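We will go stop by stop.

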Amino acid sequence: MVSSWIAGRADDGAAGRHGDVFDPATGEVARRVAFASAADVDRAVQAARGAFAEWGSTSLARRTEVMFRFRELMAARSGDLAAIITSEHGKTLEDAAGEVQRGLEVVEFACGIAHLMKGEGSEQISTRVDSTSYRQPLGVVAGITPFNFPAMVPMWMFPLALACGNAFLLKPSEKDPSAAVLMAELLAEAGLPEGAFSVVHGDKEAVDALLTHPEVDAVSFVGSTPIARYIYETATASGKRAQALGGAKNHAMVLPDADIDVAADAIASAAFGSAGQRCMAISAVVSVGEETADALAAAVADRARALKVGPGSQEGVEMGPLVTPEARDRVVAYIEKAGAGGAEVVVDGREADLPEGGFFVGPTVVDRVEPEMEVYRDEVFGPLLVMLRAGSFDEGLDLVNANPYGNGAAIFTADGGAAREFRNRVQAGMIGVNVPIPVPMAYYSFGGWKDSLFGDLHVHGREGVLFYTRGKVVTERWPRRAHGTDYGFPTQS
Ligand code: NAD
């Protein structure tokens, strides 16, 4: 049984409800996860509130020290963490190690908290009057995270939240819950006070308890768009600060002057890596011109056919299974719908050479897709790439911008002017120029536009610090004698 982690120890709670955790490579239920009840969540919140009283006023030097130790412990255990991720998510070990590395970069960024939380100061804003600004922690903050990056997405949130002085409650995905528990153990070993970081496993009951708890000050969410919308509306309606990152349909636009092999390598990697279960996966291609479209479809199809599918823990495997039977069935249903709707299924993942058992579907390439088809409109979240055709740059860009999602978008071209036009006009938060998965580094902020993000601030980087703190401006005067009353509005003098 995978237990929650509350007030510094493993805790199965009282609810008695649990979920099944699969090994996606075999299709077997590998373990069970105990679901936290609203009462369990309340215990975690109370522990966090108690811990915040101490942690929130701990020196910056001490908070940095804890983060630094956590970074060292995580680096030492990164192989174990990657193995846990592969066993519950299904992605390859190499991919899991990459996710741990990208998460660790946020921990490293958080080690610079002393610099990041610096305010500003001005002397003599008026005669013998000075002004200084500070950033202070919010209190208790919650993070609700998706299955597809069980270590990295939590690390987009908690290192900065904790370094800023908050207590943090993590509700990870119930589909791959174990990575969160290992990270909780390592935070405790690094010297974080009991209760400053808890993990509550579960489903809607645990999430709703966090969203409406009066002692929770802020909520960060990453997941699908319908749930992101619900999280943002519910959390803000109960007076909390919220940021909710949603789903995606990331487009790559390919211009006639692009090198087709370079573009095909990049697009196939970004579409099928992690079985397409990345929020920044390329899932739609818009080729400009028929010649480009035909050449690109053929080149991507070649790569899809050559890709080795198998258990993520096996050497040489390039793509693992989907996370659950439902996720696999969903991809299969979209392949069927696409074919029935008149699109051309160039490579059919159902016909790939797949291992027995497990939730496998091969990489799938669907060409001649039209914007009104469901396979284009919906986020499929699997190894299914749709290819659309546009007659010109403007037509292609209009198509990209008409999509309700706006997470990432990429362009492949040798024309600097066209690339500039694209980055200036495209309606998305993270843009790649000849880069298929433009995930910002830890010291920039990650977030999309439109239905890919509800809220104002993106995660990690400078915006992460702003999200987990609030500002205070102090105006100071030390008078030597009485000045007399003044009923006018204060101005400089
Ligand atoms: P999901 O929305 O199903 O679940 C995310 C979290 O919400 C989980 O912790 C889950 O337990 C909880 N949840 C699910 N249903 C709920 C409900 N009805 N009420 C309250 N909480 C609920 O997402 P997922 O399937 O775990 O992850 C895949 C999705 O996440 C994709 O849509 C992907 O695009 C998105 N994602 C987005 C980003 C980004 O940066 N924008 C990053 C990673 C994943």
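**Stop 1: a histidine in a loop.** Select His-201, which sits in the loop between β9 (197–199) and α8 (204–212). The model is predicted. Is His-201 buried or exposed? It counts as buried, because its relative accessibility is 0% and the cut-off for buried is under 20%.

Now show what surrounds His-201. Leaving out residues up to four places away in sequence, it touches Val-2, Ser-3, Ser-4, Val-33, Ala-34, Phe-35, Ala-36, Lys-171, Pro-172, Pro-177, Val-181 and Ala-206. Zoom in on Ser-3. Its backbone oxygen lies 3.1 Å from a polar atom of the His-201 side chain.

**Stop 2: the ligand.** Lys-171, one of the residues touched by His-201, leads us on. Select the ligand and the residues around it. There are 28 of them, and the closest are Lys-171, Glu-174, Ser-224, Gly-246 and Glu-379.

Which atoms of the ligand lie 2.7 Å from Lys-171, Ser-224 and Gly-246? Take them in turn:

- Lys-171 places a polar side-chain atom 2.7 Å from a ligand oxygen.
- Ser-224 has a side-chain N or O atom 2.7 Å from an oxygen atom of the ligand.
- Gly-246 uses a backbone N or O atom, which lies 2.7 Å from a ligand nitrogen.

Stop 3: Select Asn-148, in the loop between β7 (140–144) and α6. Asn-148 counts as buried, since its relative accessibility is 4%. Beyond four places in sequence, it touches His-89, Lys-91, Glu-99, Gln-277, Arg-278, Cys-279 and Phe-381.

Move on to α6 itself, residues 152–163. This helix has twelve residues. From first C-alpha to last it reaches 17 Å, close to the 16 Å expected at 1.5 Å a residue. How many of its residues are buried? Twelve of the twelve are. Among them are Met-152, Trp-156, Phe-158 and Leu-160. Pro-154 and Pro-159 are also on the list of buried residues. Just past the end of α6, click Gly-165: its phi is positive, at about 105 degrees.

**Stop 4: the cores.** Now colour the nonpolar residues. The largest nonpolar core has 69 residues, and Ile-267 and Phe-272 touch the most other members. Helix α10 (residues 260–272) gives the most to this core, with eight residues. Where does this core lie relative to domain 1 and domain 2? Domain 1 (4–246 + 452–474) and domain 2 (250–433) both give residues to it, so the core lies between them.

Select Phe-272 and show its contacts. Setting aside neighbours within four places in sequence, these are Val-300, Ala-304, Leu-307, Met-319, Pro-363, Thr-364, Val-365, Pro-383, Leu-384 and Leu-385. There is also a second, separate core, made of 63 residues. It includes Leu-116, Leu-160, Cys-279 and Met-430. Two of these names have come up already: Leu-160 is one of the buried residues of α6, and Cys-279 is touched by Asn-148.

**Stop 5: a leucine in α14.** Finish with Leu-397, found in helix α14 (residues 393–402). Leu-397 is buried, because its relative accessible area is 1%. Without counting residues up to four places away in sequence, it touches Met-253, Phe-422, Arg-425 and Val-426. Draw a distance from Leu-397 to Phe-422. They are 25 residues apart along the chain, yet their C-alpha atoms are separated by 7.4 Å.

Key:
Residues are numbered from 1 along each chain as its sequence is written. This is a predicted model: local features need pLDDT of at least 70, side-chain atom pairs count only at pLDDT 80 or more; totals for chains, interfaces and linings use all residues. Side-chain values use heavy atoms; hydrogens and water are left out. Helices (H or I, at least four residues) and strands (E, at least two) are DSSP runs, numbered from the N terminus. The expected span of a helix is 1.5 Å times one less than its number of residues. Buried means under 20% relative accessible area, exposed over 50%, partly exposed in between (1.4 Å probe, protein chains only). Contact means heavy atoms within 4.5 Å. A nonpolar core is a set of buried Ala, Val, Leu, Ile, Met, Phe, Trp, Tyr and Cys residues joined through side-chain atoms within 4.5 Å. Domain bounds come from an automatic or database domain assignment. A residue is near a molecule or strand if one of its heavy atoms lies within 4 Å of it. A polar contact is a pair of N or O atoms within 3.5 Å; within protein, one must be able to donate a hydrogen and the other to accept it, and residues adjacent in sequence count only if both atoms are side-chain atoms.
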